[in-house]
Amino acid sequence: MNEDYLRHLDQLVAAPKKFLGEVRWQDEGRPSGTLFFVASIAVNDSDSDGLKLNGRAALSGLVNWISVTLSSDTIPVERFWYLPYGSHVNKSPPWSPIEIHKIRCPAGINRRYAWSDNRTYPHDHRQEMARMVLNINLVDSKAALAYILTTMNISGEIPPPPYQATLGL
């Protein structure tokens, strides 16, 4: 069952996808100052695979960070952090590429959690492996969101979140 399910997820990740409706950022209404969206994703004009794209972003603060995750049911298959506010250190799970074991991804450096680096079931989010995205010049959130959709093979658009820079005082 596990290998069959992994092959199914492989196909979903590789397939062209599109949004089922418009993506809109919403305020969580909490003191965290975080925006979010949840969007249904279609593969072959069907949403029967339970694909969702979840986004979170800073509403204000020093850095306009954005996190976007593509999930099938409850399993995150692709994730991207634009200007993450915290660091990440890869573990050394036996199923992951050895060249990214123990890599430390510092805060503020874009990173991608690709399905090809995290292809395992059952999924343990504490074991997710990241790679730093250094060779792409993502000059702003609009460029980052376009890059994210391209890497996840999703057609459509995510509007940049309405971010307001503050000094954090």
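Guide: Let us begin with the terms: strands are DSSP runs (E, at least two residues), numbered from the N terminus, and two strands pair if DSSP finds at least two bridges between them. This is a predicted model, in which local features need pLDDT of at least 70, side-chain atom pairs count only at pLDDT 80 or more, and totals for chains, interfaces and linings use all residues. Residues are numbered from 1 along each chain as its sequence is written, and side-chain values use heavy atoms, with hydrogens and water left out.

Visitor: Which residue stands opposite Ile 75 in β7?

Guide: Ser 72 does; strands β6 (residues 66-72) and β7 are antiparallel partners over 7 bridges, and they form a hairpin with 2 residues between them, where Asp 73 in the turn has a positive phi of about 55 degrees.

Visitor: Which strand is joined to β7 by 3 bridges?

Guide: That is β10 (residues 111-113), which runs antiparallel to β7, and there Arg 111 is the bridge partner of Trp 81.

Visitor: Why is β7 described as largely enclosed?

Guide: Buried means under 20% relative accessible area, exposed over 50%, and partly exposed in between (1.4 Å probe, protein chains only). In β7 (residues 75-82), 8 of the 8 residues are buried, so the strand is largely enclosed by the rest of the structure.

Visitor: Is Ser 67 buried or exposed?

Guide: Ser 67, found in strand β6, counts as buried because its relative accessibility is 6%. Its contacts (heavy atoms within 4.5 Å), not counting residues up to four places away in sequence, include Asn 54, Arg 79 and Trp 81.

Notes: Helix = DSSP H or I, 4+ residues; strand = E, 2+ residues; numbered from the N terminus.
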